[in-house]
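Thanks for coming, everyone. I have one structure to show you today. Let me put it on the screen.

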Amino acid sequence: VAANEQKLNAVVSALQKLKISGYLQAQYQIADNPGTKSFAGGDFPEFSDNRFMVRRGRVKFAYEAKLAKYVIQFDVSEKGLSIKDAYLNVSDPYLNAFSVTAGVFNRPFGYEIPYSSSQRESPERSRFTQTLFPGERDLGAMLTFQMPKTSPLNFLKLDAGFFNGNGTNPETDKKKDFIGHLGIAKATNNEKVKFG
């Protein structure tokens, strides 16, 4: 009985490290004329001026161990199944200030790209972001520096990485894009006011 109990505890302990989440955003679009060209959602079919769509249908699996985090996130819609995130994040065991992320993940540019669609106040990111960073994600590797929460320097965060530059599409040349982001995020002691 003790051996079975130990096995069960090991399985439960492993499952507690796995987090499964998701959300769904449905939308209805109407255009002035059938076949209208559209940036959001693609062009309307030749004989249609309205449609229902699944804008985002996300399912995310995140497994967090002591020094590593594995994430895979899918987008499911009427257009099919696609991978949004597939990355590994490894933290240093000494300072707990450095981490390396590799795979498909959000580009570290600005404030809007890494901000979750499930928490954003507006239905879509700005046209600027959608045009320069289609799909928000890219394939690459990034180094992050941020001191632990107990440090007075925790409010500073530096992300620096090299990316293919093609989003999630296959690489087409030998050049890589460098993207860096230095951010400051602070809150009052009661955390009612936050600024960055």
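I will go from the whole chain down to a few residues.

First, a reminder: this is a predicted model.

Let's start with the secondary structure. The protein chain has 2 helices and 10 strands.

Next, overall dimensions. The C-alpha atoms fill a box of roughly 65 × 50 × 45 Å, along the principal axes. What is the radius of gyration of the protein chain? It is 21 Å. For 196 residues, a compact globule would come out near 16 Å.

Of the 196 residues, 26% count as buried. Take the contacts with a separation of 6 or more: residues 24 or more positions apart account for 43% of them.

The accessible surface of the protein chain is about 13,500 Å². Carbon and sulfur atoms hold 60% of that.

What about charges? The chain carries 26 positive and 20 negative ones. Their mean positions lie 6 Å apart.

Let's move to the aromatic rings. The structure holds 8 aromatic pairs.

Buried would need a value under 20%, and exposed one over 50%.

There is also a ring cluster. Which residues form it? Tyr87, Phe105 and Phe163 are linked by ring pairs.

One last stop: Lys149. Where does Lys149 sit? Find strand S6, residues 137-145, and strand S7, residues 156-163. Lys149 is in the loop between them. Is Lys149 buried or exposed? Its relative accessible area is 77%, so Lys149 counts as exposed.

Now bring in Ala97. Along the sequence, Lys149 and Ala97 are 52 residues apart. In space, their C-alpha atoms are 9.7 Å apart.

That's the tour. I'm happy to take questions.

Notes
Residues numbered from 1 in each chain as written. Predicted model: local features only at pLDDT ≥ 70, side-chain atom pairs only at ≥ 80, totals over all residues. Heavy atoms only, no water. Helix = DSSP H or I, 4+ residues; strand = E, 2+ residues; numbered from the N terminus. Rg over C-alpha atoms; globule rule 2.2 N^0.38 Å. Buried < 20%, exposed > 50% of the residue type's maximum accessible area, 1.4 Å probe, protein only. Contact = heavy atoms within 4.5 Å. Areas by Shrake-Rupley, 256 points an atom, 1.4 Å probe, with all protein chains shown as cover. Lys, Arg positive; Asp, Glu negative; His and termini not counted. Charge placed at Lys NZ, Arg CZ, Asp CG, Glu CD. Phe/Tyr/Trp six-rings, centres within 6.5 Å; stacked < 30°, edge-to-face > 60°.
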